[in-house]
Amino acid sequence: MDPREGVYRNFMTFHCGQCNTVWADSLGLCGEAKCCDSLICSTVNLSIEVTLDVIIKKEIQSSLEEKWENCIYNSLSCSGCGCSVGVVLVSAPQHLASLRSLFLIRKENTNCYQFSDGSMVKASTLNLDIEAIGTSIATLKQEMEAALEHISLLHGSLRESSTASLD
Ligand SMILES: [Zn+2]
């Protein structure tokens with residue numbers, strides 16, 4: 001099966017649980033961080049990571065919330081209703097270090113619109129694990145490497161034939 005088929009078949013958009021504003025889509029999703037019950041969005045898939053309706057607050061904050069203990073972050077809010085979308089970690093202890101600079105969207109506030117069957121479900125009912133998505137990124141990477149190799153072979157044979165025609 002073409003792995004990209006899976007990406008589009010499972011395409012979904014992520015919405016505010018209160019006002020339905022679109023926050024992100026599955027092309028910008030790179031999994032979920034179970035430790036902080038958040039979806040992870042970044043530019044890994046060369047897509048936009050979140051929509052312009054996710055407002056990044058300029059002031060840097062810290063929180064007494066247990067999951068963000070010892071973290072410094074910019075919080076994210078919804079342009080539609082002002083509710084909290086999640087955070088972008090600026091500084092974090094070791095166990096959260098890999099999540100720095102990524103958009104972390106609270107699953108509990110998020111709804112998912114699934115294009116496969118046109119249904120809107122709570123993100124908290126879905127498993128958007130990094131492992132499953134990581135596998136499809138790895139497959140895509142392999143395909144791109146194969147394509148690149150093919151192009152360089154073509155390039156090489158073109159150069160050979162142009163050199164030959166000069167003789
Ligand atoms: Zn909202």
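Ala33 counts as partly exposed, with 19 C-beta neighbours inside 10 Å; on this scale a residue is buried if 20 or more other C-beta atoms lie within 10 Å of its own, exposed if 12 or fewer, and partly exposed in between, with C-beta atoms placed from the backbone. The model is predicted: local features need pLDDT of at least 70 and side-chain atom pairs count only at pLDDT 80 or more, while totals for chains, interfaces and linings use all residues. Residues are numbered from 1 along each chain as its sequence is written. Ala33 has its place in strand E3; helices (H or I, at least four residues) and strands (E, at least two) are DSSP runs, numbered from the N terminus. Leaving aside residues up to four places away in sequence, Ala33 touches Ser38, Ile40, Leu99 and Leu104, where contact means that the C-beta atoms of two residues, placed from the backbone, lie within 7 Å. Ala33 and Leu104 are 71 residues apart along the chain, yet their C-alpha atoms are separated by 8.1 Å.

Stepping back to the whole chain, two helices and ten strands are found. Along the sequence they follow the pattern α-β-β-β-β-β-β-β-β-β-β-α. Of the 167 residues in the protein chain, 26% are buried. Among contacts between residues at least 6 apart in sequence, 50% join residues at least 24 apart.

E1 and E2 pair in the antiparallel sense over three bridges. Thr13 stands opposite Asp25 in E2, while the bridge partner of Phe14 in E2 is Ala24. The two strands form a hairpin with five residues between them, and Asn20 in the turn has a positive phi of about 70°. E9 (residues 110–114) and E10 (residues 119–122) also run antiparallel, joined by four bridges. Here Asn111 stands opposite Lys122 in E10. Four residues lie between the strands of this hairpin, and Gly118 takes a positive phi near 65°.

Most residues other than glycine have a negative phi. Asp37, although not a glycine, has a positive phi of about 50°. Asp37 lies in the loop between E3 and E4 and counts as partly exposed, with 15 C-beta neighbours inside 10 Å. Ser101 is not a glycine either, and has a positive phi of about 70°. The place of Ser101 is the loop between E7 and E8; with 10 other C-beta atoms within 10 Å, Ser101 is exposed.

Finally, the interior can be described. In soluble globular proteins, nonpolar side chains tend to be buried together. The largest nonpolar core in this model has 30 residues, and those with the most contacts inside it are Cys41, Leu89, Leu104 and Ile105. Such a core is a set of buried Ala, Val, Leu, Ile, Met, Phe, Trp, Tyr and Cys residues joined through C-beta atoms within 7 Å. At least two residues of this core come from each of E1 (12–16), E2 (22–25), E3 (29–33), E4 (38–41), E6 (72–78), E7 (84–91) and E8 (103–106). E7 gives the most, with four residues. Apart from residues up to four places away in sequence, Ile105 touches Phe14, Trp23, Ala24, Ser38, Leu39, Cys41, Val85, Gly86 and Thr110.

Methods. Pairing = 2+ DSSP bridges.
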